[in-house]
Amino acid sequence: MIVGIDLGTTNSLAAYWDGGAPRLIPNSLGTYLTPSCVSLDEDGAVLVGRAARERLQTHPGRTASLFKRHMGTDRELLVGGRTFRPEELSALVLRSLKADAEAALGGPVEEAVITVPAYFSDAQRKATRAAGELAGLRVERLLNEPSAAALAYGIHRRGAEAKFLVFDLGGGTFDVSILDLFEGVMEVRASAGDNFLGGEDFDTALLESFFPHPLPSSLKADASFMQRLRARTEEARHALGASPQVTLRLPGDAGDHVLEVTEGLLDRVAAPLLQRLRIPVERALRDADFRAEDLDQIVLAGGATRMAIVRRLVARMFGRPPVCELNPDEVVALGAAVQAGLKMKDAALDEVVMTDVSPYSMGIEISRGGSGTPTTEGHFDPIIERNTPVPVSRVGTYYPVTDHQRKLLLNVYQGEARMVRDNIHLGRLELNLPPGTRDQLGVDIRFTYDVNGLLEVEARVLRTGALRSLVIESNPGILSPGEIAARFKALSALKVHPREQMANRALLARAERLYLVLKGPTRQGFGDRILAFEQALESQDPHLIRPAQRDFSEHTDRLERDHQILPETIQ
Amino acid sequence: MGRRPACLARLGLTRAADEQAIRRAYARELKRIDQARDPGAFQELREAYEAARTWHRARQVGLLPVTPPPARMRPARPAAPVPPTPDLAPAPPTPALDEASPYGGAEVFTELATRIATLAADGPPDPPALTQAFSLALEDPRLVPLSARFQFEQCLANHLASGRRPGHTQVLEQAILRFGWHRDHRRLARLGWAGEQLGEAVDSVATLPPLPVVPEPEPEPAWIGKPEAKPWNGWSLLCALYFFLMMIRLLVKD
């Protein structure tokens, strides 16, 4: 069985193809969204999901989140005194989803389709694939997120002809894809995006606006307070859709901090972010060779598209309201499950096929000029233009600058700028040339780009037939197969809380977070209850745990309601 | 009727095929291919499909009366139908947005052009004033719809490509910074003839000021096709000659 996984910046989901439709897989708490958070508890055991998300506020030093943003870099994150690479933290989330899928499907799950932002680079894609391997999953396919969303929409209208744009604003990334649907073919015409723009950036912008007034800048050093503030800000942002003003109350050492969050404030702080949203939309439309009026529908995906300001912007840009029939949080995972069905050659999907494109241009550095005009270096010459249908293999023939040149340095770049210094360097290759004049020393350079968005480069000296291929894996942000095997072992040695205990762990984490904001005798009484529940858990006796859990859960819910943990809204 | 182009044969079509038939045939053939396992077959089919569409479009051009583009903006193009070039050419870009289209972009541009003309009336325009004029135009609510914005950019490119006017360099710099022309080679290409004309100017302006981009951590200058140091440069030749003469002198002395 192949499962589809949406490995998100804030939340991750798993789904499978059941022969007629994609279905979401619930986690151990019975919900579909698993927060992409990892925490190590005091015994060094791993907690993933809701429990870890609660602990972000109570144990910020032992908990990690938003690590998708560091995928493809060699940055290491310190969690509970141990360093992790972003791939490893992602792998722990994937492991938890894998366990959920195995529990739901009643069998082993070893293969997966994992979604990535369409605008993820080569290094980021390789890191995602490594995360899958570290979780013991064979990654059958890396699928672009907006393409997945389009599959989830397109599957219901196989016979139709339509052109649509997917506007996918997730927790940390933004993608735009334009699709042409005809005769059962879902053809991605163009993708564009911004890998550092998502719902989290709107929270950050709001949060920054509270400093230095009404909150003193000194509070920024308090990690626990900042995590609480971030969580409450996010809740406030969600609540803003329903009411024009939200009041946040955060307990502090010298009394409560009261913060007013209004639509006007959000409009003001989000204006630069909204400007950035326009750029990929314009580029994708241009590349697809469509006008805004040619599109039949604008489809929303990603949780951050729930924001009223984002929907207003989309409506104004296209002159019509966007469509949101499927839950934007779930649509990418559903599409990944459709792709898993396609991979398994499911009979119900016989008449469906999707083609995708390379989001970036890939090329080499060249010199221009010669024959009278001065030679200038550093020009970018694309061999595979962006938004070319993949898989694709293209060859360019290049010549040295002078006669009898003995060496050729080949620099491979990804990007769109006309000069290479504004593009991303992917790798280099040195070629030895035989003696000869420049027109005798042609070199064929072949770029091959596969369906997963991974690049291979080969160079052949035409005169000698000598072939060299470029290994781009040497990038410091990418793990080698040997390193993956070693880290797989290390990760497997980590203790993981058993699935059946996750509900209790999440409840306990939520209670601890609540304990922080309580005061006086209520706090003391609640502390005693937490201790009693922990003792019940330690007894490992189901007859003792079950009633204790029910009782404790009800009490926590009541206390949370009474203490207005959800932001109070003013009508 | 001539011979059937190879791309049509690959799709199992005759010369009578229209756009719809080409799409349908491509869809049918695509479903027989496993893209991941057989990338070569996919690429070959894709090329046949694109060539067939180019062939069909070229035919359409031949069948329909051609309306000449405004001479002021674009170079004269042959009115004769483009001969079909199957199997190699990518789809021709559709003509860029016309200045006469019913969007607000042209209007906003005309206002900006007037403002620039006033600013550049006596000498180079004052940079802050020019920046402000551009900001004012780009923040205009008439430019919120995408089509209007595209039109504005096209008008600006046409304006710059159609000749030098007072303040040309400063306006070009603003345009490059505002629309990121130096950062996106395809964006200029989409501007049609004007983009082509501006390409070199964009490169030369873009190399002068430090542009706001993250520098690569690669300090070593990278090049392709730079000459190796020649084994016999002037100095070594001179030294060799000197050594040679000294030897002869020694030999002659003896």
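Here are some notes on this two-chain predicted model, running from chain B to the contact and then to chain A.

1. Before you start: the model is predicted, so local features need pLDDT of at least 70 and side-chain atom pairs count only at pLDDT 80 or more, while totals for chains, interfaces and linings use all residues. Residues are numbered from 1 along each chain as its sequence is written, and chains are lettered from A and ligands numbered from 1 in the order in which they are written.

2. Chain B has ten helices and zero strands; helices (H or I, at least four residues) and strands (E, at least two) are DSSP runs, numbered from the N terminus.

3. Have a look at one helix pair in chain B. Helices α4 (residues 105–119) and α5 (residues 127–138) of chain B pack with axes 10 Å apart, at an angle of about 170°; axes are lines fitted to C-alpha atoms, for helices over the stretch in contact, and angles run from 0 to 180 degrees between N-to-C directions. The contact divides into eight nonpolar, no polar and two charged residues. Here Ala, Val, Leu, Ile, Met, Phe, Trp, Tyr, Cys and Pro count as nonpolar, Asp, Glu, Lys and Arg as charged, and the others, Gly among them, as polar.

4. Where the chains meet, chain A gives 50 residues and chain B gives 38 residues. Elements of chain A that each supply at least two residues include α7 (263–288) and β20 (373–384). The chain A side has 23 nonpolar, eight polar and 19 charged residues.

5. A:Ile178 sits in strand β13 (residues 174–182) of chain A. This residue counts as buried because it has 27 C-beta neighbours inside 10 Å. Beyond neighbours within four places in sequence, the contacts of A:Ile178 include A:Leu165, A:Ala284 and A:Phe290.

6. Lastly, helix α12 (residues 520–539) of chain A reaches 30 Å from its first C-alpha to its last. Just after α12(A), A:Gln540 takes a positive phi of about 55°.

Methods. The expected span of a helix is 1.5 Å times one less than its number of residues. Two residues are in contact if their C-beta atoms, placed from the backbone, lie within 7 Å. A residue is buried if 20 or more other C-beta atoms lie within 10 Å of its own, exposed if 12 or fewer, and partly exposed in between; C-beta atoms are placed from the backbone.
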